[in-house]
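The structure is shown first.

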Amino acid sequence: MSRTDAIPAPKGPPRPLSERLLGGAAFVIGLALALPVLTIIFLAFTPTENVWPHLISTVLPGYVLRTLALMAGVGLITFVVGTATAWLVTMCRFPLRPLFAWASLLPLAMPGYIVAYAYVDFLSYAGPFQTWLREIFGWTRPSDYWFPEIRSLGGAIFVLSMVLYPYVFLTARASFIRQPATQLEVARALGRSPWGAFRNVALPLARPGIAVGVSLALMECLNDIGAAGFFGVQTLTLGVYTTWLSQGNLGGAAQISVVMLLFIFVLVWIERSARRKQSFVLPAQRPRQPDRIRLNGWQRVLAVIVCAVPILIGFVVPALVLMSFAVSRLEDALSVTYLKAVYHSLLLAGLAAGFAVALGLVLGYANRALRSRVTGQIIRVASMGYAIPGTVLGIGVLIPLAGFDNALDGFLRENFGISTGLLLSGSIAAVIFAYVVRFLAVSFGAIESGLQKVTPNVAAAARTLGRGPISAFFEVHLPLLRPALVAAGLLVFVDCMKELPATLILRPFDFETLATSVFMLASLGELEQSALPALTIVAAGLLPVILLSRSLHEPHITS
């Protein structure tokens, strides 16, 4: 080899300082948000006391089996109900179709634990429904008739399915809207009935989107603690909560959390695999949508029933139950307890939404400006918090924050004789950090969608005028991103208002939010007192429903 051959190829110019700072900020954010998950894994495999044998021989198999049964039931029902209603609303013509197009999203405004409390009261033996049945048929004793037990695994599946099916409705409807008319028309020309065209053409094309919706519903099902606990279904989530807080076994709670992480990794893999398969070739022009199928006679009645019943079960009935309770407790609106819970919820949700939007903005712009594989991996890790159940997240947040507090307190005591106590753990900072970790993916998704609407030519023009990435961001992108930032902040704000498991674990002593107030009051049987804070959460949840309903438009479809 000659000396000339040994000379290395010249390297490209170094990245500007602004780009290196942007990449460094994205790395630090990703590492901080991945810390809770890394903590759980480390704690599970290095416990002070190995309780794996005890867990496996006692409670863990039951937790796993009940969790699998709950997820299987919820997955099946959300798939059937969400896909059927999405197909009818998108592809058929029948009375009240425009109403169902947006009303099918209303159950998203109802947290599962609130619906559970409403139905347990409504369908219990002393509740209004069974009381009405006894008056109609003259029954006087429980032995006179049979009625399904609402506080059971079946009751939990029923309630959670009616609350979570809109996730499948959203993704399935979006997939049906994008399907071009030519494919369905070819199937009809080959002799397929509308049902045959749906089964053989539309459903396979929409399967990836439907899989994403079912995965999201199952993630929310796995995160639930209020509904499952109220129905008496001991799932993995409840196992983490009781093992840590009731039995004081942190190592055992961490090891159960690792089992939950395995569930989450499988769901995330299914969702991402579905997203990779979701792309198919469409015409260069915007695809023409098929004319809707006109339903007649009994078909119209059946379509109305299929679309209306889930809305009635998932939103209307529990809303009416809560309103009937709230009317009898209107004086609670001026109580100090309720007003403090509202203030605490607004404070936590507002701060968390602000931080989530700011960090999501940094990650989104870093991904756009740098376009590197490393940045993409960092964003993927930072966005995994949305899939982590709140109970698992609570442990993963509290342990490193407590370690930091203890180290800082020990250092200051030893060198300066000052005790700082618990600065972060046991404070609202821990709750806000958990909220940001869990809901950053929501903020990032809305901001990334907004960035995709800003043409790269605008940024290129700013570069030619001597602006770096950071200058171009403040002068060009930020003004154009205001609608996306508002939407991101609103979505995170409402999700934080509803979040229960992480708040229960991390909130300071005697610090109640609307969600924890509803949980505590309902657990004590004070359903009437819990109605007003529950309705406040529902009212806040209606805001993202309105945004989502506006985002689903149907071009070129004859109604």
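The axes discussed here are lines fitted to C-alpha atoms, for helices over the stretch in contact, and the angles between N-to-C directions run from 0 to 180 degrees. The model is a predicted one. With that convention, the axes of helix 17 (residues 390-416) and helix 18 (residues 428-452) come within 10 Å and cross at roughly 130°. An angle over 145 degrees would count as roughly antiparallel and one from 65 to 115 as roughly perpendicular; helix 17 and helix 18 are therefore oblique to each other. The crossing of this pair is right-handed. On the side of helix 17, the contact is made by L393, V397 and L401, which meet A430, F433, A434, V437 and R438 of helix 18. By residue type, this contact comprises seven nonpolar residues, no polar residue and one charged residue.

Helix 4 (residues 60-91) and helix 8 (residues 153-178) have axes that come within 5 Å and cross at roughly 40°. Angles under 35 degrees count as roughly parallel, and helix 4 and helix 8 are therefore oblique to each other. Their crossing is right-handed. The residues that form the contact of helix 4 with helix 8 divide into 22 nonpolar, seven polar and two charged.

These pairs belong to a chain that contains 24 helices and two strands. Of its 559 residues, 51% count as buried. What share of the contacts between residues at least 6 apart in sequence joins residues at least 24 apart? The share is 83%.

Within helix 15 lies H344, a residue that is buried because its relative accessible area is 9%, and under 20% counts as buried. H344 and T513 are separated by 169 residues in sequence, yet their C-alpha atoms are 5.5 Å apart in space. Apart from neighbours within four places in sequence, H344 is in contact with F511, E512 and T513.

S345 is also found in helix 15 and counts as buried, at 4% relative accessibility. Leaving aside neighbours within four places in sequence, S345 is in contact with M497, T513 and L514. S345 and I537 are 192 residues apart in sequence and 9.5 Å apart in space, from C-alpha to C-alpha. Just after helix 15, R371 adopts a positive phi of about 50°.

Most residues other than glycine have a negative phi. L96 is not a glycine, but has a positive phi of about 70°. L96 lies in the loop between strand 1 (92-93) and helix 5 (97-103), and is partly exposed, with a relative accessible area of 48%. D510, likewise a residue other than glycine, has a positive phi near 60°. The loop that holds D510 runs between helix 22 (501-506) and helix 23 (514-523). Is D510 buried or exposed? With a relative accessible area of 57%, D510 is exposed, since the limit for that class is over 50%.

The remaining examples concern buried positions. Helix 6 (residues 112-123) has twelve residues and reaches 16 Å from its first C-alpha to its last, close to the 16 Å expected at 1.5 Å a residue. Helix 6 is mostly covered, with ten of its twelve residues buried. The buried residues of helix 6 are G112, Y113, I114, V115, A116, Y117, A118, Y119, V120 and L123.

In helix 13 (residues 250-276) lies S257, which is buried, with a relative accessible area of 0%. Residues up to four places away in sequence not being counted, S257 touches I40, V240, V392 and I395.

Methods
Residues numbered from 1 in each chain as written. Predicted model: local features only at pLDDT ≥ 70, side-chain atom pairs only at ≥ 80, totals over all residues. Heavy atoms only, no water. Helix = DSSP H or I, 4+ residues; strand = E, 2+ residues; numbered from the N terminus. Left-handed = near helix turned anticlockwise from the far one by under 90°. Nonpolar A, V, L, I, M, F, W, Y, C, P; charged D, E, K, R; others polar. Buried < 20%, exposed > 50% of the residue type's maximum accessible area, 1.4 Å probe, protein only. Contact = heavy atoms within 4.5 Å. Expected span 1.5 Å × (residues − 1).
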